[in-house]
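User: Hi! Could you walk me through this one? I'd like to start with how the chains meet.

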Amino acid sequence: MSVFEKLTPVLTKRWLSPDAWRIDVYERLDGYAALRKALAAHPDDLIALIKDSGLRGRGGAGFPTGLKWGFIPQNDGKPHYLVVNADEGEPGTCKDLPLMTYDPHSLIEGIIIASYAIRANHAFVYIRGEAVHAARRLRNAVKEAYAAGYLGKNIQGTGFDLELVIHSGAGAYICGEETALLDSLEGLRGQPRLRPPFPATHGLYASPTVVNNVGTIASVPYIVLGGAAWWKTMGTEKASGPMIYSLSGRIANPGQYECTMGITLRELIELAGGMKPGHKLKFWTPGGSSTPLLTAEHIDVHMDFESVAAAGSILGTTATQIFSDQDCPVYATYRWLEFYHHESCGKCTPCREGNYWMVRVYRRILSGQGTYEDLDTLLDTSDNILGRAFCGLGDGATSSVTSSLQYFKQDYLDYIEGRTAPKLSEKAMAGAH
Amino acid sequence: MSASAKRQEFIQVSARAKSQEFSQVTVFSEETYRRAAEIKARYPEGRQRSALLPLLHLVQNEDGQVTPDGVEFCAEQLGITKAQVGAVATFYTMYKRQPTGDYLVSVCTNTMCDVLGGQAIYDALSDHLGVGHQETSADGKITLEHAECLAACDYGPAVTVNYDFVDGLDPESAVGLVDDLSHGKEVVINRGARLCTLKEMALQLAGFADEREGAVGEGPAGEPTLRGVKLAQQHGISPAGFDITTPIPSASGGNK
């Protein structure tokens with residue numbers, strides 16, 4: 001079997017049509033056919049269909065989507081909300097922005113179907129502030145969808161009403177965490193909430209709320225059209241469907257590769273034309289900087305939720321960042337920690353203080369003044385963040401620290417013992433002691 | 001006290017403050033008041049605080065930053081305190097608290113873009129413009145910032161001007177880009193609409209359509225975006241068995 005047969009262009013297919021962002025072109029390419037089909041079905045049957053398909057969240061956690069929809073209490077007299085998490089910002093992740101830019105109606109169609117299924121009459125897309133072109137296209141698409149009667153009152157004569165608001169964020173990675181996102185959408189600082197209660201019962205405005213990623217919701221129309229059995233012809237038994245793998249770094253052709261779930265890095269690199277000349281694979285993230293680093297030894301690990309977890313990492317957002325023997329895992333980790341330190345919301349002590357101090361320890365190591373004790377300090381600090389932070393951001397910050405120490409301890413020792421020239425100058429050391 | 005009386009008082013207080021400490025006082029336009037009402041109407045009844053983020057973008061449309069006047073405007077609009085608004089405005093990096101130029105140049109220096117040359121671009125621009133992070137060039141045209149991951153890693157190093165992408169830069173061409181911006185020459189945006197000013201962009205961030213003729217359709221997808229799907233097309237591959245007439249199984253006997 002050729003490696004090209006691992007490609008499964010489903011969500012990315014319309015990107016080939018330059019005008020697919022326009023509603024007339026979208027409709028010619030099966031657009032809004034799923035909506036008509038869904039509105040003729042019972043909402044509970046749609047939830048059952050998504051459960052049957054085995055669709056799991058594309059935002060990083062991989063929670064079963066149908067199950068999440070099923071948690072929404074029905075006939076409770078409260079308004080229900082659908083909130084789409086479009087706050088794409090996990091370092092390495094770049095799949096949702098192109099989807100919203102080149103095929104915005106597929107997200108809107110998914111939103112209408114999902115809202116109908118969970119009985120929500122108000123939906124929001126919380127889109128990352130910096131994603132201005134995607135937002136431009138999305139706002140235009142919403143306007144077109146209202147004009148065509150797909151949004152608003154009495155959609156397609158079914159009596160179903162839905163208002164959809166595109167809400168731009170303002171630059172805060174933490175708002176990709178679903179409860180921080182809800183606080184931000186309520187006009188507060190984006191800080192995570194204590195759970196329970198969960199968003200399914202106390203989400204937006206303390207009402208039952210489903211929060212789903214862009215890719216998750218954009219998958220829904222295809223499942224409605226092609227059926228659960230067809231969806232499961234792609235991927236693995238426990239991780240169905242296609243997945244957009246975002247390849248960046250030291251490969252010949254970085255880009256978006258939508259493949260069957262469970263493809264290996266070896267196959268992805270082959271699709272991307274191999275490593276860049278003169279570069280040899282050294283370390284990589286399977287799904288963004290919050291997922292523990294893997295190494296060249298893991299090149300044949302299947303990239304689905306279970307297999308990556310068995311290899312000691314997390315599938316995350318399938319943001320596959322590929323680094324070579326010319327890149328330093330200690331420096332890479334330092335830059336990520338600078339990021340987590342900057343983006344820590346400050347609500348909980350382990351994340352706020354832990355990342356602050358770890359950045360300083362890294363500066364000391366990288367400027368040639370590290371000690372053996374520093375390595376213990378990093379592990380100890382990570383141990384005090386992981387599982388003790390308020391949300392996944394804190395946990396994620398420790399991923400590259402502990403994994404790089406596991407696989408590349410020698411690189412650390414080379415700085416400490418003076419075999420590697422200091423990467424940072426004295427200037428960067430200010431405040432490091 | 002009515003809103004307009006409060007506004008009058010605010011203007012008077014602001015005018016007094018002007019002579020004492022502020023160099024500039026904003027009296028927001030009628031258009032901004034009308035837009036603020038439109039923003040608040042997007043959210044469910046009684047949930048108008050949700051309008052705070054777009055309102056803060058809106059005040060940047062007039063001021064290019066969130067000034068004390070902008071904070072007061074938002075507080076007045078939503079019936080909350082200035083402290084509550086300030087707590088939010090200072091949390092998010094896109095709300096600027098110093099004057100900004102017409103063009104915000106953001107250079108990603110997160111790990112991947114750093115490795116691919118983003119830090120070198122940032123350093124070259126910083127030297128050339130003589131400014132640091134979130135500072136504005138002497139001619140008042142360009143604000144520089146280093147950004148965290150901009151979700152364009154497949155195009156790295158990622159650089160944006162007023163948040164739209166300019167691809168394929170190195171330190172030398174990046175310096176050329178900011179010179180062109182300073183001199184009012186046309187700059188090519190690769191994936192986004194033609195350039196507008198940062199203040200104009202703030203209006204879009206507040207949720208208003210880009211009204212420029214044809215702007216929505218500009219910015220075709222670049223090669224990295226299309227690589228996988230083009231490869232599948234070249235090899236004639238598409239997932240088998242996709243039939244849009246597949247029925248949705250009904251457990252409830254088809255009754256709605």
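**The interface and beyond**

Analyst: Happy to! This is a predicted model. The area buried between chain A and chain B is about 7000 Å², and carbon and sulfur atoms give 63% of that area.

User: How many residues does each chain bring to the contact?

Analyst: Chain A supplies 95 residues and chain B supplies 80 residues.

User: And how many salt bridges across the interface of chain A and chain B?

Analyst: The rule finds 4 salt bridges there. One of them pairs Arg335(A) with Glu148(B), with the closest N and O atoms 3.9 Å apart.

User: Nice. Which helix of chain A gives the most to the side that touches chain B?

Analyst: That's helix H14 of chain A, residues 329-343, with 8 residues. The side of chain A that touches chain B divides into 47 nonpolar, 28 polar and 20 charged residues.

User: Switching topic: where is Arg363(A) found, and is Arg363(A) buried or exposed?

Analyst: Arg363(A) is in helix H15 of chain A, residues 349-366. Arg363(A) counts as buried because its relative accessibility is 14%, under the 20% cut-off.

User: What does the side chain of Arg363(A) join in a polar contact?

Analyst: The side chain of Glu338(A), in a polar contact of 3.1 Å.

User: Last one: what domains does the assignment give for chain B?

Analyst: Domain 1 covers 20-89 and domain 2 covers 103-202. The centres of these two domains of chain B, taken over C-alpha atoms, are 28 Å apart.

Terms used. Residues are numbered from 1 along each chain as its sequence is written. Chains are lettered from A and ligands numbered from 1 in the order in which they are written. This is a predicted model: local features need pLDDT of at least 70, side-chain atom pairs count only at pLDDT 80 or more; totals for chains, interfaces and linings use all residues. Side-chain values use heavy atoms; hydrogens and water are left out. Contact means heavy atoms within 4.5 Å. Buried area is the accessible area (1.4 Å probe) that two parts lose on being put together, summed over both. A salt bridge is a side-chain nitrogen of Lys or Arg within 4 Å of a carboxyl oxygen of Asp or Glu. Helices (H or I, at least four residues) and strands (E, at least two) are DSSP runs, numbered from the N terminus. Ala, Val, Leu, Ile, Met, Phe, Trp, Tyr, Cys and Pro count as nonpolar, Asp, Glu, Lys and Arg as charged, and the others, Gly among them, as polar. Domain bounds come from an automatic or database domain assignment. Buried means under 20% relative accessible area, exposed over 50%, partly exposed in between (1.4 Å probe, protein chains only). A polar contact is a pair of N or O atoms within 3.5 Å; within protein, one must be able to donate a hydrogen and the other to accept it, and residues adjacent in sequence count only if both atoms are side-chain atoms.
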